[in-house]
Amino acid sequence: MALKARALYNFQSENKEEISIQENEELVIFSENSLDGWLQGQNSRGETGLFPASYVEILRSRSGSNYTDYSSSPAGSPGHDSSFYTTPADPGISYQGSFEDDDDDDWDDWDDACTGGEEPRGAPGTNGHPSPSLQYRAAYGHHQHAGYHPKPALERQDSMSSSKRGSVVGRNLNRFSCFVRSGVEAFILGDVPLMSKIAEAYCIEMGSKGPQWRANPHPFICSVEDPTKQTKFKGIKSYISYKLTPSNINSPVYRRYKHFDWLYNRLLHKFTVISVPHLPEKQATGRFEEDFIEKRKRRLILWMDHMTSHPVLSQYEGFQHFLSCRDEKQWKLGKRRAEKDEMVGASFLLTIQIPTEHQDLQDVEDRVDAFKAFSKKMDDSVLQLTNVASELVRKHVGGFRKEFQKLGNAFQAISHSFHMDPPYSSDALNNAISHTGKTYETVGEMFAEQPKNDLFLMLDTLSLYQGLLSNFPDIIHLQKAYLKQQIVFYQRVSQQLEKTLRMYDNL
């Protein structure tokens, strides 16, 4: 049965399944049973879709209760699927599946079809510079724990269901928003429980060009070489292993692609505000072809170079374990320790130490806007160059090669025709024509080989750039969402002050 309702707050839709609502707008709700905190209904403009249950009150007749306030419904209440919500260590992000299913797996026997870890699609990152929200905190001074109110783990609620009607700070109730997924919203609103002891610390310091991560005090590099095809189960299953040799321990370890994939997903899970470049793509068929193996090795080398040079990612305990562990038992222990790390997502933000120098908010905003324009232009330019270079490779390997082969074959045909007239044929001329044909065929092969010397290497680097650039829109969105959250905060504080003053005036 359709019910009438009133919107308590403004809500802006972010996808086609949702509709926007305005404060005090009259709504029609098709059913008062919410699904994961969302109601389906119609706004005053006739648009039909979903909106947050905690943003509305259902209007009742005078004989009944005045309204139903969804904003105080706990996460585990009827209508909320508590299995969807996050663990205490990572507010705002939903994961399915568990590493615990792999307890009995051999450390080199994970299923190739599975990454072996959670894969938060579209997890936001950054370019290695401090999160914009942290820059704003720096502008207000060094007080990142101010206003935090830790909650017991069993009482933790997601950012949607824990908001109270009439609270000063509004929340983005779209659980798929990167602002929510990254944990930044929970961090800003003080929903991240304080730890009695934080073992990790990542420092941001002021450099000549602005805030930057403090350099790794123990820099190192790591080589990736010798891709080798190996088999197990008496040859039934095959895989490629890579020899990794970190310079700080100078002792090689051997890892499969699935181990890289596990590490990549742990990095995404932990460092939600740092841009982690994509791994080289997977391939269902042709995994053991020489060209594909060589291409993957080249791109893994670039990926590893970026990881070891990053001042934060290179110090991650899980990364160090990936590069150094040689014992099967110790590998499993370290793997479990990385998977149970509590300082992930929003909690990772507690490990960041910001500079004490004052940051001008307008300057920060201007620099973010400038970087937004740069990253957009850079992304478009990298994509354009990638498409042009890929097309040129296709022509080198296919079109140019074939055309020169056709030209060479044509010269060979002329040479053969002269051989059919012995009294007047000239061996020297015939040999010269035949040699010309073979030369053109060789030129065609040179065209096919040339991309290995330049274009392939350029495309490898462009692929790494694309992986980094693809994360920046979400990071910029985080900064904008944070600023919007602050504006809403001050507006609602102002509104409450005005209401209080009017109340005193009427006394």
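View 1. The axes of helix 5 (residues 290-309) and helix 6 cross at roughly 130° and come within 12 Å. Axes are lines fitted to C-alpha atoms, for helices over the stretch in contact, and angles between N-to-C directions run from 0 to 180 degrees. Helices are DSSP runs (H or I, at least four residues), numbered from the N terminus. This is a predicted model, in which local features need pLDDT of at least 70 and side-chain atom pairs count only at pLDDT 80 or more, while totals for chains, interfaces and linings use all residues. Residues are numbered from 1 along each chain as its sequence is written, and side-chain values use heavy atoms, with hydrogens and water left out.

**View 2. Residues of helix 5 meet residues of helix 6**. Met304, Met307 and Thr308 lie on the helix 5 side, and Phe319, Phe322 and Leu323 on the helix 6 side; contact means heavy atoms within 4.5 Å. Five of these residues are nonpolar, one is polar and none is charged.

**View 3. Helix 6 (residues 317-324) packs against helix 7 (residues 328-339)**. Their angle is about 165° and their axes are 10 Å apart, which makes helix 6 roughly antiparallel to helix 7. From helix 6, Glu317, His321 and Phe322 make the contact; from helix 7, Gln330, Trp331, Gly334, Lys335 and Arg337 do. The residues of this contact comprise two nonpolar, three polar and three charged. Nonpolar covers Ala, Val, Leu, Ile, Met, Phe, Trp, Tyr, Cys and Pro; charged covers Asp, Glu, Lys and Arg; the others, Gly among them, are polar.

Conventions
Helix = DSSP H or I, 4+ residues; strand = E, 2+ residues; numbered from the N terminus. Parallel < 35°, antiparallel > 145°, perpendicular 65-115°, else oblique.
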